[in-house]
Amino acid sequence: MEFDAAILCDVDDKNYRNDFDRQLLYVSCTRALHRLAILYTDKPSKYLKAEEIK
């Protein structure tokens with residue numbers, strides 16, 4: 001199942017911290033066809049690379 005846009009909330013170290021969470025994050029990110037928004041508070045998950053893609 002794919003979507004034009006996807007919004008992922010609370011993608012921080014508290015919610016995504018082990019291998020199962022990493023796989024879940026990967027699958028969630030790959031569902032977006034055109035736009036992906038990743039929201040987090042404090043510190044982003046270690047599985048996210050800290051760079052902005054335009």
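Select Ser-45. Leaving out residues up to four places away in sequence, Ser-45 touches Val-11, Asp-12, Asp-13 and Tyr-16. You are looking at a predicted model. Ser-45 sits in the segment after S2. Is Ser-45 buried or exposed? Ser-45 counts as buried, because its relative accessibility is 2%, and the cut-off for buried is under 20%.

**Stop 1: Tyr-16**

Now click on Tyr-16, one of the residues that Ser-45 touches. Tyr-16 is in the loop between S1 and H1. Its relative accessible area is 12%, so Tyr-16 is buried.

Which residues does Tyr-16 contact, leaving aside its neighbours within four places in sequence? Show Asp-10, Val-11, Asp-21, Leu-25, Ser-45 and Tyr-47.

Draw a line from C-alpha to C-alpha. Tyr-16 and Tyr-26 are 11 Å apart in space. In sequence, 10 residues separate Tyr-16 and Tyr-26.

**Stop 2: two aspartates with positive phi**

Asp-10 lies in the loop between strand S1 (3-8) and helix H1 (19-29). Check its backbone: phi is near 55°, a positive value in a residue other than glycine. Asp-10 has a relative accessible area of 43%, so Asp-10 is partly exposed.

Jump to Asp-42. Here phi is positive again, at about 65°, and Asp-42 is not a glycine either. Asp-42 is placed in the segment after strand S2 (32-38). Is Asp-42 buried or exposed? Asp-42 is exposed, because its relative accessible area is 76% and the cut-off for exposed is over 50%.

**Stop 3: the cysteines**

A disulfide is a covalent bond between the sulfur atoms of two cysteines. How many disulfides does the structure hold? The structure holds 0 disulfides.

A disulfide needs the two sulfur atoms within 2.5 Å. From the other end, Cys-29 is in no disulfide, and its nearest cysteine sulfur, that of Cys-9, is 12 Å away. Cys-29 is partly exposed, because its relative accessible area is 21%.

**Stop 4: the whole chain**

Zoom out and switch to a cartoon view. The protein has 1 helix and 2 strands. From the N terminus, the order is β-α-β. Turn the model around: the C-alpha trace spans about 25 × 25 × 15 Å along its principal axes.

How does the radius of gyration fit a compact globule? A compact globule of 54 residues would have a radius of gyration near 10 Å; the protein has 11 Å, so the value agrees.

Residues 24 or more positions apart account for 79% of them.

The protein exposes about 4,700 Å². Carbon and sulfur atoms supply 53% of that area. Of the 54 residues, 19% count as buried, and Ser-45, where you started, is one of the buried residues. Colour by charge to finish. There are 9 positive and 10 negative charges, and their mean positions are 3 Å apart.

Definitions and conventions:
Residues numbered from 1 in each chain as written. Predicted model: local features only at pLDDT ≥ 70, side-chain atom pairs only at ≥ 80, totals over all residues. Heavy atoms only, no water. Helix = DSSP H or I, 4+ residues; strand = E, 2+ residues; numbered from the N terminus. Buried < 20%, exposed > 50% of the residue type's maximum accessible area, 1.4 Å probe, protein only. Contact = heavy atoms within 4.5 Å. Rg over C-alpha atoms; globule rule 2.2 N^0.38 Å. Areas by Shrake-Rupley, 256 points an atom, 1.4 Å probe, with all protein chains shown as cover. Lys, Arg positive; Asp, Glu negative; His and termini not counted. Charge placed at Lys NZ, Arg CZ, Asp CG, Glu CD.
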